[in-house]
Every structure is written in C-alpha cells, then in structure tokens.
Amino acid sequence: MGSCVGANIRHLREQRGWSQSRLAREVCQAARVSGEPVGRQEVSRWETGKRTPREWLPFLATALGVTVDALVTAQKTVDPPLPTLTEFLPEGDPLSPLECRTGRRVGMGTVNELQQRVHGLRLADDVLAGGDLIRPALRDVRRAVKLYRESSHTSEVGQQLLGQIGELAQIAGWIASDAGQHEEAERIYRLGISAARQAEDHTLAGNLAGSLAYQMSNTGREAEGLTLAQIALHDAGSEAPPKARALYLDRVAWAYTKAGGATGGQQAMRALGEAGQALSEDSEGIESPAYLYWVDAGELKVMESRVYTELHRPLRAVPLLREVLGGYDATHAREMALYLSWLAVALADANEPEEAAAVAERVISLGSETSSERVAERMRVIFDRLQDYTGVPEVAALLAEH
C-alpha cells in the first residue's frame, strides 16, 4: 500500500502546487494539533514509501480534498510521470532547525543583510572567476544555514531566510562549478533546491535545478541533465515569469544538444524558439526576480550560437557570435573568453583555421587572467579541434607555443 499511497500523495500535492512543507502544515491544521508533529521529512517518507501514514490518512485526505479511498487506490497512468525535484533533494534535512536553538532572535533586518550579501556575490561573479570566489562563497553558505538553524525567528522571517539561502546556493553552486568543484557544486545546488521548495518559491527552485542540469550536461551526465532540465521547466509551471521560462527553455535546449540522439538537434531548436517566445512576453509591468537581471535577447543569441556550434553548423553560429561579441562588456573577461572559444571552434568548422587560431590567441590571453575551469576546458576543446590543421603555419605556431 505504501508506494501506491505515496504516489497519490505526491500527485495530489503537486496538482495543488504545494511544497512538502505546505502539505505538512495543512495536515496538522486538519488534525487540529499544535506544534509540528508532521514536517517536511515525514511527508517525504510517505511519498517515497519509506513510511505509511496510517493514522494520518483521514487528515491527509481532508487536506488534499479527496476521500481516503482515493488515497489508497492505485491510479491508472498512461505514460510514466516525469520525476519531480523531490528526487533531487539532499539526504536527510540539512536545513532542519535545531531543537534547542542557541542563536539570537533575528528579523527582517537580518534577511535584508543576507540579501545584500547574495547580491554582492552575484555582481562579483560577473567580473571574477570561480577560483577567486569559491572560499567566500562556501563560507557564506555555511553561515547562512547556521543562522537559519540556530536562530529563533517568526515563520515569515524563516521563509524569507530560506529564500535567500536558495539564492545564495544558486550563485555559490555556479561559482563552485566554475572552479571545477563539481561534487561540491551539486551538493550546494541540492541544498538550494530544498531551501527554495520549503520557501515555496517554485521559480527559484527551477533556477537551481536548471543550473544543476547545465552542469550535468557539461560533465558527462547528459541524460540526467536533460531529465532535470525538463523537470525544472515542468515544476516551475506556466505561472513563472517570462524571463524565468526563457532561461529554463535555454537549459532544455542545451541539454538536448549535449544529449544528442536522432532528434536532439530538432528538439533543441524547438526549445530555443519557445525561449524566444517566452522572453518576448516580458514587459516593464511584469516583475521578475532580481537574479534574472542578465537574461535578455543577447543571452538567448549566445545559447543559440553555441547550439549551432555544437551541431557543427558554423554558417549559423559565426554571425551570431560576432554580433554578440561586438557589443559585449570587455571587463567580463571570463564570459568574453568563453564566447570567443565558441567562435574559434565555429571558425575551425567553417574551414577558417587562420582566423580560428587568431581568436584562440585571444581566448588564451583572457584565460590566463581568470581562474575558471570552464575557460580551461574550452581551451582544451579548441586545441583538440585545431589538431586537424597542424599544417597551417598559424595553427602550428599556436600549438607549439601553448
């Protein structure tokens, strides 16, 4: 009975757009009990079949607006359901508050301080690389989790703190990934997904999941990356802001590109088209989270050009990359190096090895100034691609020197 009940609980909860924490509160309210005898972890155990909610079944049914029979009866499904972000939560609950909290009582002022710290770290990432920021980023994550677990606060403040932990985890995970610490980045992303879901911020959870999916797609876990990118898009729902949906679809496009397959390219181009459509729906009257400030038409062009490069369609990729690079902020050395690396590969594919070598020199020059594993990996890709042109003097000189 456990697995059947668990699947039904999860299905009904997700139909309502509730987090596991929200369902736990609704069950306690239906049972008219004080305190929190049922929490997020208990709901998770029910949904995964690790525990059966025997005495809680009537209250679950009331909270979910169904009969007990509906909860315990297996439902017919036509297609296997897409997994949900629940399956990507960290083991245990690293965000559970301590039973005996030793910290001070905090309010919205503390939330605002943490928000400023997150924003500062995000701006620093625009101009510095992961190797430069990894230590302060990890330190900030530890401090924020410690603050949430040990301090006393109202439920509203707690929810806001969780949201900031989620935002901090997204940028810290990104920094860790850029530093080449992929296992650490995944651990942080999963922590952030948990925080965002407990804060009932589905847009933020989607952003974190998409970031983790992007890392998976780039580190040899293409099938997992594609599944998670699709989950991020699906779980955030149609109510997500246009910029957020454009970003999720961008991640889906890249995941399809890296996964390959007979229809990977077609699916990628379809997702890119949908991303452009989503972004076109954005307007001044629509509020988007501050962390999406960088999502614009230029970024979509970058992804489109990268997809074309990966699909070996240089005649499409090169003009797009030239257009984007023509107006890009040169102070963002890491991004400039990354974008140029795609141009170098696309030029090689277009049988323009001399120009590819010249662009590669610029990538090397910029890369020497940034401690980014992403840039280092792209340089390895360029060198590998240029091996086909060792007879060209410019290429031979480049490879001999570097």
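In this predicted model, E200 is partly exposed, with a relative accessible area of 24%. E200 sits in the loop that joins helix 9 to helix 10. Its backbone has a positive phi of about 60°, although E200 is not a glycine.

H312 also has a positive phi, near 60°, and is likewise a residue other than glycine. H312 is located in the loop between helix 14 and helix 15, the latter spanning residues 314–326. With a relative accessible area of 57%, H312 is exposed, because the value lies over the 50% cut-off for that class.

The chain as a whole contains 19 helices and zero strands. Its radius of gyration is 23 Å, close to the 21 Å that the globule rule gives for 402 residues, so the chain is as compact as a globular protein of that length. Taken along the principal axes, the C-alpha atoms fill a box of roughly 80 × 50 × 40 Å. Of the 402 residues in the chain, 51% are buried. Among the contacts with a separation of 6 or more, 69% come from residues 24 or more positions apart. The chain exposes about 18,800 Å², and carbon and sulfur atoms supply 49% of this area.

A275 belongs to helix 13, which covers residues 264–280. A275 is buried, with a relative accessible area of 0%. Apart from its neighbours within four places in sequence, A275 is in contact with A246, L249, D250 and L300. Of these partners, A246 and L249 fall within the range of helix 12 (242–259), and L300 falls within that of helix 14 (297–310). A297 is 22 residues away from A275 in sequence, and the C-alpha atoms of the two are 9.7 Å apart in space.

L12 is part of helix 1, which comprises residues 2–15. When residues up to four places away in sequence are not counted, L12 touches L64, V66 and L71. One of these, L71, lies within the span of helix 5 (residues 68–72). The C-alpha atoms of L12 and G39 are separated by 17 Å, the two residues being 27 apart along the chain.

A70 is also assigned to helix 5. At 28% relative accessibility, A70 counts as partly exposed. Between A70 and L57, which are 13 residues apart along the chain, the C-alpha separation is 11 Å.

The search for open spaces gave a largest pocket with a volume of about 1,200 Å³. The lining of this pocket is made up of 47 residues, and those nearest its centre are W174, Y214, R306, E335 and L338. Eight elements are listed as giving two or more residues to the lining: helix 6 (108–127), helix 8 (155–178), helix 9, helix 10 (202–218), helix 12 (242–259), helix 14 (297–310), helix 16 (333–349) and helix 18 (373–386). By residue range, W174 falls in helix 8 and Y214 in helix 10, R306 falls in helix 14, and E335 and L338 fall in helix 16. The lining residues of the largest pocket divide into 17 nonpolar, eleven polar and 19 charged.

The largest cavity has a volume of about 30 Å³. It is lined by S19, Q20, S21, R40, R197 and Q198. The elements that give two or more residues to this lining are helix 2 (20–31) and helix 9 (182–198). Q20 and S21 come within the range of helix 2, and R197 and Q198 within that of helix 9. By class, the cavity lining has four polar and two charged residues and no nonpolar ones.

Note on methods. Residues are numbered from 1 along each chain as its sequence is written. This is a predicted model: local features need pLDDT of at least 70, side-chain atom pairs count only at pLDDT 80 or more; totals for chains, interfaces and linings use all residues. Side-chain values use heavy atoms; hydrogens and water are left out. On a 1 Å grid over the protein atoms alone, a cavity is a set of points where a 1.4 Å probe fits but cannot get out, and a pocket is an open set with protein on both sides within 12 Å along at least five of seven lines; lining residues have an atom within 4 Å of a point. Grid points are joined across faces, edges and corners, and a volume is the space filled by probe spheres set on the points. Helices (H or I, at least four residues) and strands (E, at least two) are DSSP runs, numbered from the N terminus. Ala, Val, Leu, Ile, Met, Phe, Trp, Tyr, Cys and Pro count as nonpolar, Asp, Glu, Lys and Arg as charged, and the others, Gly among them, as polar. Contact means heavy atoms within 4.5 Å. The radius of gyration is taken over C-alpha atoms; the globule rule is 2.2 Å times the number of residues to the power 0.38. Buried means under 20% relative accessible area, exposed over 50%, partly exposed in between (1.4 Å probe, protein chains only). Accessible areas come from the Shrake-Rupley method with a 1.4 Å probe; for residues, only the protein chains shown count as cover.
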